[in-house]
Amino acid sequence: MDHATWPTGTLVVLLSILILYKIFSARLGKSLFIRRIPGLNAIDEAVGRATEMGRPMVFVPGIGGLSLPTLQALSILKYITGIAAKYRTRIIVPTIDSVVYTVAEEIMKDAYAAHGTPEQFNPDDIRYLSDDQFAFASGVVGILNREKAASNFMFGYFAAEALILAETGHQVGAIQIAGTPSVLQIPFFITAADYTIIGDEFYAASAYLSREPTLLGSLVGQDYAKALLILIILAGIVTVSLPPMHFHGWLSFLNHLPDWVKWFQ
């Protein structure tokens, strides 16, 4: 930490202890509450719809490399592949990055094997299209139109192609679920997609879907840490807003406190 003072260091240690406490509590079996996220709950509905219609699903893991948003997207892909394996529904994954292509292929192969259906894995359904942004977008548009996708998942980092993909998915009648940390693209997804995951919900997805104790405890611990930081900020605002008073001033303030309360009532 650059230019850290002792209060900052103390606060970092305190927040770390709080998060670790929640992680160990979760690992010891304590039940932790996470509020319902409608966009993630709708994944089962989207897979079920594709199964009923007998049409494939498309999962787009963004246009980024192997970054944190892409890893989050791939963790969601693993969950969706597990459901797809259960219902024997086909899922197509177009990628823009060769490394992401390789990782997505391994994730899907493992997910099918974990659900006892390794024969369903089709390497041709994971496709490297292009490393050019709009060439990739054109390829995804072609897949959505040719395959008549019943469900379209868009998770990861997106830029100007976000609305192109979402509009195409809407035109082919696909149920669409999208999530991105890019605040500039969230309005387009909210407009064109059926469900949109925004803000911290995107990073909470892996914990929400997997219910893995370490991830769950870390998520809840971070929420408590945020609440503590908000309280500290509010206390700081109140402290600097009050006029400076000496000891006798504080005694006078306390003596007149009932009158002030009565005046506010």
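This is a predicted model: local features need pLDDT of at least 70, side-chain atom pairs count only at pLDDT 80 or more; totals for chains, interfaces and linings use all residues.
I began with the strands. Six of them form an open sheet with parallel pairing, and I read the order as E3-E2-E1-E4-E5-E6. Which strands stand at the edges? I found E3 (126–128) and E6 (195–197) there; each has a single partner strand, so one side of each lacks a neighbour in the sheet.

Next I checked one pair in detail. E1 (residues 57–60) and E2 (residues 91–95) are joined in the parallel sense over 2 bridges. Looking for the partner of Val58, I found Ile92 in E2.

**Entry: helices on the sheet**

I then turned to H4 (residues 98–114), which lies across E2 and E3 and runs at about 175 degrees to E3.

For H5 (residues 133–147) I did a length check. With 15 residues at 1.5 Å a residue, the helix should span 21 Å, and I found its end C-alpha atoms 21 Å apart, so the two agree. Which residues of H5 are buried? My list reads Phe136, Ala137, Val140, Val141, Gly142, Ile143 and Leu144.

**Entry: H1 against H9**

Here I looked at two helices, H1 (residues 6–27) and H9 (residues 213–241). Their axes come within 7 Å and cross at roughly 145 degrees. I noted the crossing of H1 and H9 as right-handed. On the H1 side the contact includes Leu11, Leu14, Leu15, Leu18 and Ile19, and on the H9 side Val220, Tyr224, Ala225, Leu228 and Leu229 are among the residues involved. Sorted by class, the contact has 14 nonpolar, 5 polar and 2 charged residues.

**Entry: two positive phi values**

Last, I went through the loops for backbone angles. Arg88 has a positive phi of about 55 degrees, although it is not a glycine. I placed Arg88 in the loop between H3 (68–87) and E2. Is Arg88 buried or exposed? Its relative accessibility is 56%, and the cut-off for exposed is over 50%, so I put Arg88 down as exposed.

Lys148 is my other case: its phi is near 50 degrees, again positive in a residue other than glycine. I found Lys148 in the loop between H5 and E4. At 46% relative accessibility, Lys148 goes into my notes as partly exposed.

How values were computed
Residues are numbered from 1 along each chain as its sequence is written. Side-chain values use heavy atoms; hydrogens and water are left out. Axes are lines fitted to C-alpha atoms, for helices over the stretch in contact, and angles run from 0 to 180 degrees between N-to-C directions. Helices (H or I, at least four residues) and strands (E, at least two) are DSSP runs, numbered from the N terminus. A crossing is left-handed if the near helix is turned anticlockwise from the far one by less than a right angle, and right-handed if clockwise. Contact means heavy atoms within 4.5 Å. Ala, Val, Leu, Ile, Met, Phe, Trp, Tyr, Cys and Pro count as nonpolar, Asp, Glu, Lys and Arg as charged, and the others, Gly among them, as polar. Two strands pair if DSSP finds at least two bridges between them. The expected span of a helix is 1.5 Å times one less than its number of residues. Buried means under 20% relative accessible area, exposed over 50%, partly exposed in between (1.4 Å probe, protein chains only).
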